[in-house]
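Let's take a walk through a protein model together, one piece at a time. Have the sequence and the 3D view open as you read.

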Amino acid sequence: MADLSLPSLICNFIDGREIPASAGERFEKRSPSDGRVLLQVARSRAEDVRVAVAAAQNAQPAWAGATVVSRGDVLRSIALGLRDRLDEVARLVVLETGKSLKDARAETGAAVEMGMFVAGEGRRYYGRTTTSAVPHKTAHTIRQPVGVVGLIIAANTPIANVAWKVFPALLCGNAAVLKAAEDTPLSAWAFARIARECGLPPGLLNVVHGFGEEAGAPLVESVDVDLISFTGSTAVGRYIAQAAGARLAKVCLELGGKNPLIVCDDADLDRAVEASVLSAFSNAGQRCAAGSRIIVFEAVYQEFRDRLLARVARVRVGCEDDDDFGPVINAAQLDSMCAAIEAARRDGVTVLTGGSRLTGPGYDGGYFLAPTLLENAAPDATISRTELFGPVSVLYRVRDFEEALSLAHQSPYGLTASIHTVSVHRAMTFVARIRSGVAVVNGATYGSEPHLPFGGLDESGTGWREAGTEALDVYSEWKTVYLNFDPGAV
Ligand code: NAD
């Protein structure tokens, strides 16, 4: 059985073997919950990426030649292997992220479900069969692999992020080079070990560790990589679109959000408060779909604000299962959020609660930010338009539905949005008019399921969707097949 005990050094995983970075370089991975050094990680550069891409190129044709059903069978074995080791993997996620075991288990369960869903797609790998204008001619479509795919992910829900890309990429007959998030090397390492043990042939999933500019950029710029599928910040996504676009490589970008949650005057306020707290603070706000703008009708503003503040006062920050959220992923992330809050304060924004790093027993050395609510920010202020990716949300007061919708749209992003109302008319009008990839009625701004597409508009992405059958469109190319026949030759 694959050994998943904590290693002192995480190596790259190339062609089924674990090897250090070619120049022997390493970096330290620290624990977000107390700042201590957890382990060393291979610090890869262009040469390591080159070797990984070559391994993928070598392995891909045979994998593409297998039936999609048999590829799905291997992926099902990996999903079941992950399920068998769920607790061990979740404990690694706890170590690398500082989140509670309960949350890490849920996230690992979600990764298993993604594997099961995608494996089943091997038996639903449908194209279209249709007519032709020409007599004795038929037409149909089939999916083709893209080739070698470069996968680059963020650290926020690390094992799920691996699963969301690796399972569909492999199902479609590609070979992958995954650039793991530098803050979460353990989950990618464990996934690769489990995949190998469950029968994935060498070279199909290669994992390269390291920093974005050193190990990610060479993958983006490699002429031998046919697709880059990226989950991360809009700034890096913009660079990837340009660099990969220069050689016309296919690019799927899943980027940031500044997602609005609207509370109407007819909302169930307790429900809206609960959804706001979860949207803003769960996973320490490190969700692309976090509810970082809470837009409230003035008729209920005071009442909602009071109830929300009372609820936030009961939010528990820490790493245990009965805590609501844990640390953010690294010290730089914590510092940049604190700086953004300070800058907003100087601009006249009111900090209703939180706003600073937590210290004292249980927090020392860790990267904990108090749950933070802000008020009196202009819709076009920097704090209103910038994704902080932490437990920080801003409250806004609006007159009515039209003003709420207009404020919701004052954002460069278009990922998710939620409305709280009992009016079916308001709900359906919101669903029709909100510019976002996901619209929620009476719920949180986050939450996705493996069989449904996820992604956003504007600066949240470039039009592709991950998860769902729609993910297959990212990782495959359509081929149209014409078949001519001659009844006279029967
Ligand atoms: P980031 O963009 O800094 O890093 C993400 C990944 O990109 C990391 O693996 C990093 O090493 C790599 N990277 C950085 N610079 C690179 C470069 N020049 N070339 C190639 N790779 C590079 O993002 P982050 O701060 O780690 O993650 C948070 C961001 O991810 C937020 O914006 C969040 O909204 C977004 N996110 C989006 C989704 C989604 O599905 N839309 C899901 C999760 C997170």
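Start with helix H9 (residues 269-281) and helix H10 (residues 298-313), whose axes come within 10 Å and cross at roughly 55°. Before going on, some ground rules: this is a predicted model, where local features need pLDDT of at least 70 and side-chain atom pairs count only at pLDDT 80 or more, while totals for chains, interfaces and linings use all residues. Residues are numbered from 1 along each chain as its sequence is written, and side-chain values use heavy atoms, with hydrogens and water left out.

An axis here is a line fitted to C-alpha atoms, for helices over the stretch in contact, and the angle runs from 0 to 180 degrees between N-to-C directions. H9 and H10 are therefore oblique to each other; angles under 35 degrees count as roughly parallel, over 145 as roughly antiparallel, 65 to 115 as roughly perpendicular, and the rest as oblique.

Which residues of H9 and H10 make the contact? On the H9 side they include Leu269, Val273, Val277 and Phe281, and on the H10 side Phe304, Leu308 and Val312 are among them. Contact means heavy atoms within 4.5 Å. The residues of this H9 and H10 contact divide into nine nonpolar, one polar and five charged.

Now look at another pair of helices. The axes of H2 (residues 68-84) and H4 (residues 101-121) come within 8 Å, crossing at roughly 165°, so H2 and H4 are roughly antiparallel. Their crossing is left-handed. Gly72, Leu75 and Ala79 of H2 are among the contact residues, as are Ala111, Gly115 and Met116 of H4. This time the contact residues divide into nine nonpolar, four polar and two charged.

Next, aromatic rings. The structure holds five aromatic pairs, with rings of Phe, Tyr and Trp (its six-membered ring) pairing if their centres lie within 6.5 Å. In one of them, the rings of tryptophan 164 and phenylalanine 454 have centres 5.9 Å apart and planes at 75°, so the pair is edge-to-face (over 60 degrees; under 30 is stacked and the rest tilted). The pair links distant parts of the chain, 290 residues apart: tryptophan 164 is in helix H5, phenylalanine 454 in the loop between strands E20 and E21. Tryptophan 164 counts as buried at 16% relative accessibility, and phenylalanine 454 does at 11%. Buried means under 20% relative accessible area, exposed over 50%, and partly exposed in between (1.4 Å probe, protein chains only).

Serine 418, in strand E19, counts as buried too, at 0%. Its contacts include Pro260, Phe430 and Thr445.

Finally, some backbone angles. Most residues other than glycine have a negative phi. Alanine 284, however, has a positive phi near 55°; this residue lies in the loop between H9 and strand E14 and is buried at 1%. Aspartate 458 has a positive phi of about 50°, lies in strand E21 and is partly exposed at 38%.

How values were computed
Helix = DSSP H or I, 4+ residues; strand = E, 2+ residues; numbered from the N terminus. Left-handed = near helix turned anticlockwise from the far one by under 90°. Nonpolar A, V, L, I, M, F, W, Y, C, P; charged D, E, K, R; others polar. Lists of a residue's contacts leave out its neighbours within four places in sequence.
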